[in-house]
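This report walks through selected features of one protein model, with the criteria behind each term given where the term is used. Please view the sequence and the structure together while reading.

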Amino acid sequence: MDQSWRSALWYKANFWAMYTLYTLGFSLRTEGLHNVPRRGPVLILANHESFLDPVAIGIAVRRRICYLARKTLFKNKLLGNYLRSVGCIELDQEGVGKEGIKTSINLLQGGNALLVFPEGERTLSGHMVPFKAGITLLLKRVSVPILPVGVAGAYEAYPRSSPFPKLAPLFWPANGTGVAVSVGRPIPSTRFANMPREQMLKELFDEVKVVVDRAEKLRRKP
């Protein structure tokens, strides 16, 4: 990831622009900032409700993070260049498949914060689905803090079936599409070091589900 001052300034400018847009346009609420490690590598695990998630999570953690995004999003040259400029890494698919393991390891070993959606794709129903096994392969190869993050309301605001998001303006009556993000406490990866794969997947799922439920209670509703 580009660590130059120009890149950092560009990221910060985008952060404040998105902070304003999400706060005013989606009534974004966040909690748990004090749980975010301010430096060093951290693996952020979150549920995946819609295209709104990466930016909402970036706003909540207030730290420069890297995203893994599927390659099809980079087909448009202008959009692709923009996504790269704000930390997106293109892969053949979302989540951590075999292709993304090496990239993820390199990013974490470089001291970065990396956001991964272990479900592998956006939810079709609004509910979380079991995590894919790729995340266990990554955790067997790196030892970094795991930060569970939950997103709520993004599915209602921008489901896969909708071509455009539904706004929830801050100064309008609540309409059910407000977005919220809850950040949980870091979990040492050593907890999962000798754990069987299925148990690891279940416990990681449960940790993220806890903060998803918190975010659901936090978000602005009618």
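## A loop lysine and the basis of the model

Lys71 is found in the loop between β3 and α3 (77-85), where helices (H or I, at least four residues) and strands (E, at least two) are DSSP runs numbered from the N terminus. Lys71 has a relative accessible area of 37% and is therefore partly exposed, the category between buried, under 20%, and exposed, over 50%, with a 1.4 Å probe and protein chains only. From C-alpha to C-alpha, Lys71 and Gln3 lie 23 Å apart in space, with a separation of 68 residues in sequence.

The model is predicted, so local features need pLDDT of at least 70 and side-chain atom pairs count only at pLDDT 80 or more, whereas totals for chains, interfaces and linings use all residues. Residues are numbered from 1 along each chain as its sequence is written, and side-chain values use heavy atoms, with hydrogens and water left out.

## The sheet

Seven strands form an open sheet of mixed pairing, in the order β1-β7-β6-β2-β5-β3-β4; two strands pair if DSSP finds at least two bridges between them. The edge strands, each pairing on one side only, are β1 (29-31) and β4 (88-91), and the twist from one strand to the next averages 20 degrees.

Strand β3 (residues 65-70) runs parallel to strand β5 (residues 113-116), and three bridges join them. Within this pair, Ile65 stands opposite Ala113 in β5. Helix α5 (residues 134-141) packs on the sheet, touching β2 (42-46), β5 and β6 (146-152), and its direction makes about 165 degrees with that of β2; contact means heavy atoms within 4.5 Å. Axes are lines fitted to C-alpha atoms, for helices over the stretch in contact, and angles run from 0 to 180 degrees between N-to-C directions.

## Packing of α5 with α7

The axes of α5 and helix α7 (residues 197-218) come within 10 Å and cross at roughly 100 degrees. The two helices are therefore roughly perpendicular to each other, a term that covers angles of 65 to 115 degrees. The contact is made by Ile135, Thr136, Leu139 and Lys140 of α5 together with Arg197, Met200, Leu201 and Leu204 of α7.

## Cysteines

The count comes to zero disulfides, a disulfide being a pair of cysteine sulfur atoms within 2.5 Å. Cys66 is in no disulfide, and the nearest cysteine sulfur, that of Cys88, is 9.2 Å away. Cys66 counts as buried because its relative accessibility is 0%, and Cys88, with a relative accessible area of 12%, is buried as well.

Conventions:
Parallel < 35°, antiparallel > 145°, perpendicular 65-115°, else oblique.
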